[in-house]
Amino acid sequence: MSVHPIAVTINGKAEYLEVPAHMTLLQMLRDRLALTGTKNGCEAGECGACTVLLDGQPVNSCLVLAVEVDGRQVVTVEGLAQDGTLSGLQQAFIEHNAVQCGFCTPGMLISSQALLARNPSPDEDAIKEALLGNLCRCTGYGRIIQAIQDVARGGGAS
Amino acid sequence: MSPKYVGQRISRTEDPRLLTGQALFVDDVNIPGMLHAAFLRSDYAHARLNSIDVSAARSRPGVIAVYTAQDMGDAWQHGPPLVIPPPTIQNMVFHTRTQVPLVKDKVRLIGEPLAVVIAESRYIAEDALEDIIADLQPLEAVGDLERALRPGAPLVHEELGSNLAAHFFQEKGNYKSARQQADLVIQKRILIDRGIAAAMENRGIVAHWDPKSQRLTLWDTTQSPIPIRNGLAGMFGLAEHQVRVIAPFVGGGFGPKIMMFYAEEMVLTWATLQIGRPIKWIEDRRENFYATTQERGQVHDAEMALTSDGRILGVRDSFLHDTGAYDPYGLTIPLNTQCHVLGPYDVPNYYAETTVVFTNRMIATPVRGAGRPQGVFVVERLLDLAARKLDMDRVEIRKRNLLPPDVFPYNNQIIDQAFAPLVLDSGNYLPLLEQAATRIGYQPFIREEQPRLRAEGKHVGIGVVMFIETTGVGPYEGARVTVEASGRISVATGVGTQGQGHFTSFAQIVADQLGVNIRDVELVTGDTAEFHWGTGTFASRGAVVAANAIHAAARAVRGKILRLASKVLEAPEEELELADGQVRVADMPEKSISLGKLAVLANPLRGAVQPGTEPGLEATDYFGPQYGATAAGAHAMILEVDPETMMVEIKRYVAVEDCGTVLNPLILDGQVHGGVALGIGNSYYEKLVFDDNGQLLNASLADYLIAAATEVPRIEVGHGYTLSPLNPLGTKGAGEAGTLPVPALFAQALEDALADHRLEVVEMPLSPNRLFELLQAAQESASGR
Ligand code: FES
Ligand code: FES
């Protein structure tokens, strides 16, 4: 089995790893870097629990190979709070009770973050559209949408 | 003392960990030397296992062990029945057949495990599955409930001579004679099909037998850690103190995670005892469709007898219930169905008959709703069809039949899932119905808006339905509350938590009792090392049973605090108050002591204490209700159907719920939202599709559609507050309520939207395709007439 050296920036930190060709980004994050905040709900691109930012774009990390991220930037849920201060989105998720079991939450946060980066004031339909790839079985989505709207009104995710 | 926290919209204390990726879920557990398991599952629903050859798999590099049923020797045993049938029901037939850890001679359900591979990695384990040669001889599969009972049908358990798992009936009054008085009898065959719970986190287990400490630790995505510990200890000859079961953060439960024992729990525990190394198994999404319990399959022949002015004289409901290949969960689901057919209505005569059927499908155990949505669907559909026949308004026919507020406690004279008579403890139903109708604007909609929209060619419909939910059943839960030397309060309880916000709502109760900041209350749940007694999180009972146990323990600690402080501060107890983490003499704030200091005084290190003194500021207490508390509600919606695509858009959704005292409205409303979202799936998107061979055709989230953000409307929540007299907090459960009425509501609103087609919806779940077929059929029968 071939093993490949890669250099990747994860949450602002340079990492150098040797990864087998078949390893997914999700497995690399969880099993090699102990970044277990990113969740595995299907490993098939169906649930969005594994969403991370790859060069600023949301991707299902279960569908990306670790070798593909060589030389690129990855942001996971662990990289959203800065120096112990929650991001505006994280804060809004608390205030609006947008979390129940929390399993979909990392993916939801990343997808919302990406949405607000490309569209600072999305309407409800745009938010729903952006969350289509992120399934949540607990909340019914309404509170998540409100949290995002709240941040958008306040001027984008901080 | 006025409550500061209970009843307030307090944001959740557990959220920061969940939002930063710092919450431990089972799949996040990683122990040095950990091995990985994969299960070989049957591709057939029904088959004889002639032989199985695992030798090639055993010799694959990286494989540590491969086990079959034979290898387990005497440890191979059927799982214990989890729920026994109620001893209180007469003339009952019940055949207990429980699941096996690995198939020995016959496969009885699709995906049943045949062997397990334990290897250095999951990759190797899964590759090794390919090396196993299982000689399976397929048998005709049992799926259709009616065919299953016909003579000559293939048998799931041959020795029983039929696929009948159970049969029983219950009666209130005399339906037969009531029917003779009736002006109108509505008779329908009603079908409800199977679905899955689809928690976003699949199941998972890490089992670790440490031979040096002689301790077994099991991280498990279970809703009931304490029974799992007790059961495993018994099964494998260990003392209970040698076994620790931890249910850490669990990514959604919704019922199936209460099941015990899953085959994987038995097999992984046995395997780690053999190998002495930690073993992890995480269900993959496809496995979740086969290996995790499911629910809802029932076929009803129901009828309702009424007077010409729309009063119910009686209901008769005879139904088949699909229990799958085994019935470890007893009769909880069909009993719930029987009870919820009675709803919030005055039904003087009722005859309910249930036949439980074995099929070659996954075991049925409760999925959020647990048989109740089926009961609600039956009674609400019958009422709607009666209203149509009588040309009566749908809200009006319900009003005429609601139980009035002065009848409570109201004994419905049949036995419920808790083996106790179905007594509705309290309720005030009419205001709920009126609130839902008013909020949705029922009258203005049917008088003005709907005619206007119809004239524009739009197919819009409105629905209003009601339901009750039996909640908060026994037997009991317990809790221990401790004031620590730091002044912080620790609370331990046996129930697990799967996103219900227990860390916060339970802490609110304690913070109020002890006068501390909620951030100083630390809750531990789901770890058997922390609390020894309890049953689990099911039947919407956390806010009732566990919360009242915590309340009782907190009150006991409060008593201890006051007694000790009274001595220390030399003031009578009545003059003391607890606030800001201090005990102080009212009106003399300088005379005070912090709870932390008091805790230190309560635990002296030297010297003598009075005989009989208990150390510390700590108390353990329990709560077990006499019977369950019954919640109720009314839901209303407006939807629009696109007649080209059959896609449905929900324009408005109103949920009015009465679950007694509300501990935290923020959390409660969230439970309702999630429940409704599941109900929407149950109505129009989610259905397991099996072919004639019992093959599951849509085992992925791409093919089995759970509601996404675009399918769930904004949900407006209203409340009624009829406190339960059965517990000191006055709470009733709320975890499942949101789900119960949705299919019935959806059906009513759809019929209304397509009124010109004379559509009749007597099945769930529907789908755009199925609706199209129903409309075609309605059209054909109309033109044929
Ligand atoms: S785990 Fe990647 S989409 Fe589900
Ligand atoms: S909060 Fe549980 S899946 Fe979204």
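Modeller: Let's start with B:Phe261, found in the loop between strand S12 (243-246) and helix H7 (263-275) of chain B. Keep in mind that this is a predicted model.

Colleague: What kind of peptide bond joins B:Met260 and B:Phe261?

Modeller: A cis one, with omega about -10 degrees. Another cis peptide bond joins B:Met764 and B:Pro765, again with omega about -10 degrees. B:Pro765 is in the loop between strand S30 (763-764) and helix H19 (768-784) of chain B.

Colleague: What makes the phi of B:Asp391 worth a remark?

Modeller: Phi of B:Asp391 is positive, about 55 degrees, although the residue is not a glycine. You will find B:Asp391 in the loop between helix H10 (372-390) and helix H11 (394-401) of chain B.

Colleague: Why is the pair B:Glu686 and A:Arg137 called a salt bridge?

Modeller: Their side chains meet at 2.7 Å, N to O. The cut-off is within 4 Å, for a nitrogen of Lys or Arg and a carboxyl oxygen of Asp or Glu, so the pair qualifies. The count between chain A and chain B is 4 salt bridges.

Colleague: How many residues are in contact between chain A and chain B?

Modeller: 38 residues of chain A are in contact with 50 residues of chain B. About 3,700 Å² is buried between the chains, and carbon and sulfur atoms give 58% of that area. There are also 18 residue pairs in polar contact across this interface, both residues at pLDDT 80 or more. By class, the side of chain A that touches chain B has 17 nonpolar, 13 polar and 8 charged residues.

Colleague: Which residues touch the most other members of the largest nonpolar core?

Modeller: They are A:Phe93, B:Tyr429, B:Ile489, B:Ile561 and B:Val583, in a core of 199 residues. Helix H15 (residues 542-569) of chain B gives the largest share, 11 residues. Apart from this core lies another, of 59 residues, including B:Leu35 and B:Tyr67.

Conventions. Residues are numbered from 1 along each chain as its sequence is written. Chains are lettered from A and ligands numbered from 1 in the order in which they are written. This is a predicted model: local features need pLDDT of at least 70, side-chain atom pairs count only at pLDDT 80 or more; totals for chains, interfaces and linings use all residues. Side-chain values use heavy atoms; hydrogens and water are left out. A nonpolar core is a set of buried Ala, Val, Leu, Ile, Met, Phe, Trp, Tyr and Cys residues joined through side-chain atoms within 4.5 Å. Buried means under 20% relative accessible area, exposed over 50%, partly exposed in between (1.4 Å probe, protein chains only). Helices (H or I, at least four residues) and strands (E, at least two) are DSSP runs, numbered from the N terminus. Contact means heavy atoms within 4.5 Å. Buried area is the accessible area (1.4 Å probe) that two parts lose on being put together, summed over both. A polar contact is a pair of N or O atoms within 3.5 Å; within protein, one must be able to donate a hydrogen and the other to accept it, and residues adjacent in sequence count only if both atoms are side-chain atoms. Ala, Val, Leu, Ile, Met, Phe, Trp, Tyr, Cys and Pro count as nonpolar, Asp, Glu, Lys and Arg as charged, and the others, Gly among them, as polar.
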